[in-house]
Amino acid sequence: MNYDLWYTQYMTVYKTKLAPRTREEYDRQQRKYLAPVLGSMELEDITPEDVQRCLVLAADRGGPRQAQAVYALVHAVLRRAYRSRLIIWNPVDALDKPEHTQEQGKMLTDADLQLALPFVRQELAVALALFAGLRRCEIAGLQWGDVDLAAGLLRIRRQRQRSRREILVRLTKSGAGLRDVPISPELRPILKHRFRLQPSGFVVPHAPEYPGNLWKDIQDHDVKLSQHYRLHDLRHHYGSDLILKGANIKAVSYLMGHSSVEITLKVYSHIYPEQAAAEARKVYGETSLTAP
């Protein structure tokens with residue numbers, strides 16, 4: 001059996017519950033990076049060098065992060081072939097996983113925050129990232145029925161994402177994503193001013209790309225900040241601010257919708273030295289820490 005046929009069988013038999021967008025991404029990786037090299041090859045003839053050529057192709061066209069994704073996909077496909085006794089070993093096991101340095105999230109500087117706030121307060125789609133830490137897909141999926149002003153909570157239950165030309169609505173990507181986020185004092189007047197008695201209506205009734213494009217437009221045309229910030233950096237600012245103000249790490253993990261505390265610790269590892277120093281100053285006092 002050649003690789004293309006096995007990939008089709010693998011996706012049909014073993015990956016029946018994939019989210020449409022995930023399936024679309026796997027098929028794209030298969031089409032662009034794996035099929036050109038491995039497609040017509042018999043499974044037992046594939047060597048580590050053949051797989052490596054796929055990874056080089058992915059890195060050249062899509063960067064190191066794409067190469068990592070392709071590595072994960074082909075490793076899973078051939079691991080299943082090994083377990084099904086179609087090959088005697090998985091050639092991907094002989095390769096090192098491509099390295100990728102993930103872009104670190106960043107907080108807005110105090111000066112940039114003050115410059116951006118007037119514009120953020122005018123745009124609910126952006127305010128939900130900065131003042132509630134919501135992901136782009138969660139902003140797009142939030143409905144007015146999820147906004148409980150009386151209880152002071154946003155009930156995060158679903159997300160909206162684009163798959164090809166279709167916009168899909170589904171539950172958050174993990175059980176941890178289902179959460180209730182307190183409505184912060186900064187966010188409450190923004191929500192209250194725009195509140196609609198339309199429980200099934202979307203709070204941000206635009207395409208999922210809208211919040212990110214809007215934040216980019218604000219930076220490009222409305223306010224000159226010292227550096228460019230992604231929409232995700234607003235979410236990161238929210239989480240970092242919680243930590244710096246002494247919030248319990250388990251609480252931060254819950255509010256950010258992380259599946260484990262370990263993920264939160266990893267994402268915000270750069271915050272902890274500063275927080276640790278602040279906590280030490282509370283215990284020992286500023287003078288004792290700085291005295292020679």
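**Close-ups of a predicted model**

**Figure 1. Trp-215 and its neighbours.** Leaving aside residues up to four places away in sequence, Trp-215 touches Ala-116, Val-120, Val-126, Leu-225, Tyr-229, Arg-230, Leu-231 and Leu-234. Keep in mind that this is a predicted model. Trp-215 also turns up in the largest nonpolar core, which has 44 residues. There, Trp-215 is one of the members that touch the most others, along with Leu-128, Val-147, Leu-154, Leu-187 and Leu-191.

Figure 2. H6 supplies the largest share, 9 residues. Another core, of 28 residues, lies apart from this one, and among its members are Tyr-7, Tyr-10, Ala-67 and Leu-95.

Figure 3. Look along residues 110-120 and you'll find helix H5, with Asp-112, Leu-113, Ala-116, Leu-117 and Val-120 buried. Viewed down the axis of H5, these buried residues sit within an arc of 140 degrees, so they line one face of the helix. What do the buried residues of H5 pack against? Their partners are helix H6 (124-132), helix H9 (210-222) and helix H10 (231-244). On the face of H5 turned away from the buried side, you'll see the exposed residues Ala-111 and Gln-114.

**Figure 4. Helix H6, tucked inside.** How many of the residues of H6 are buried? The count is 9 of the 9, so H6 is largely enclosed by the rest of the structure. Going along the helix, the buried residues are Leu-124, Ala-125, Val-126, Ala-127, Leu-128, Ala-129, Leu-130, Phe-131 and Ala-132. After H6 comes Gly-133, with a positive phi near 70 degrees.

**Figure 5. The second largest pocket.** This pocket has a volume of about 390 Å³. Its lining is made of 18 residues, and those closest to the centre are Leu-130, Phe-131, Glu-186, Asp-241 and Lys-245. H5, H6 and H10 are the elements that each give two or more residues to the lining. Which of the elements gives the most? That would be H10, with 4 residues. Sorted by kind, the lining holds 11 nonpolar, 2 polar and 5 charged residues.

**Figure 6. Arg-85 out on a loop.** Arg-85 sits in the loop between helix H4 (64-83) and H5. Its phi is positive, about 65 degrees, although Arg-85 is not a glycine. Is Arg-85 buried or exposed? Arg-85 has a relative accessible area of 66%, and exposed means over 50%, so Arg-85 counts as exposed.

**Figure 7. Stepping back to the whole chain.** The protein chain holds 14 helices and 5 strands. Along its principal axes, the C-alpha trace spans about 65 × 60 × 35 Å. Of the 292 residues in the chain, 42% are buried. Taking contacts between residues at least 6 apart in sequence, 66% of them join residues at least 24 apart.

Terms used: Residues are numbered from 1 along each chain as its sequence is written. This is a predicted model: local features need pLDDT of at least 70, side-chain atom pairs count only at pLDDT 80 or more; totals for chains, interfaces and linings use all residues. Side-chain values use heavy atoms; hydrogens and water are left out. Buried means under 20% relative accessible area, exposed over 50%, partly exposed in between (1.4 Å probe, protein chains only). The arc is that of the directions from the helix axis to the C-beta atoms. Contact means heavy atoms within 4.5 Å. A nonpolar core is a set of buried Ala, Val, Leu, Ile, Met, Phe, Trp, Tyr and Cys residues joined through side-chain atoms within 4.5 Å. On a 1 Å grid over the protein atoms alone, a cavity is a set of points where a 1.4 Å probe fits but cannot get out, and a pocket is an open set with protein on both sides within 12 Å along at least five of seven lines; lining residues have an atom within 4 Å of a point. Grid points are joined across faces, edges and corners, and a volume is the space filled by probe spheres set on the points. Ala, Val, Leu, Ile, Met, Phe, Trp, Tyr, Cys and Pro count as nonpolar, Asp, Glu, Lys and Arg as charged, and the others, Gly among them, as polar.
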